[in-house]
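Dear colleague,

Please find below the structure that I am handing over to you, followed by an account of what was found in it.

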Amino acid sequence: MRHYEVTLIVHPDQSSQVTTMIEKYKELITTGGGVVHRDEDWGRKHLAYPINKIYKAHYLMMNIECDKETLDKLNYNFRFNDAILRNLIISKKEAITEPSIMVTEADKDKVKEPSKEKATVQDSDQK
């Protein structure tokens, strides 16, 4: 079996259905004998360019290991799912399990925000 990185751009109106969609795709992979190594929900982000007059979309990324049949089924499902605006499947040499840079950057931002709030509160207390 080969390793793949799958990135999906989902219509923003379907953001509430993302977890159901991911679970369906994970089940498809595992029933085909594959493995999901990493599953990340990057949330809503601005698109680099509008797609069908849509400026924001929900991003998802998975690293999987599966055979050609399962990959073809996934690609077929992506193609005929109206909620998926774009998809990208990249072949990888090995399984990638560590968090992506998108997730690590988001974690850094979350850590920085509370410290900024504390600094402004301390500054206002000193005045």
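On one side of α2, Lys 68, Glu 69, Tyr 76 and Arg 79 are exposed, where exposed means over 50% relative accessible area, buried under 20%, and partly exposed in between (1.4 Å probe, protein chains only). The model is predicted, so local features need pLDDT of at least 70 and side-chain atom pairs count only at pLDDT 80 or more, while totals for chains, interfaces and linings use all residues. Residues are numbered from 1 along each chain as its sequence is written, and side-chain values use heavy atoms, leaving out hydrogens and water.

Helices (H or I, at least four residues) and strands (E, at least two) are DSSP runs, numbered from the N terminus. Thr 70, Leu 71, Leu 74 and Phe 78 of α2 are buried. They lie on the same side of α2 because they cover an arc of only 100° around the axis, taken from the directions from the helix axis to the C-beta atoms. The buried residues of α2 pack against β1, α1, β3 and β4 (84–92).

The largest nonpolar core has 19 residues; such a core is a set of buried Ala, Val, Leu, Ile, Met, Phe, Trp, Tyr and Cys residues joined through side-chain atoms within 4.5 Å. β1 (2–10), α1 (18–31), β3 (54–66) and α2 (68–79) each supply at least two of its residues, and α1 gives the largest share, 6 residues. A second, separate core of 9 residues includes Ile 9, Ile 51, Met 61 and Leu 85.

Conventions: Contact = heavy atoms within 4.5 Å.
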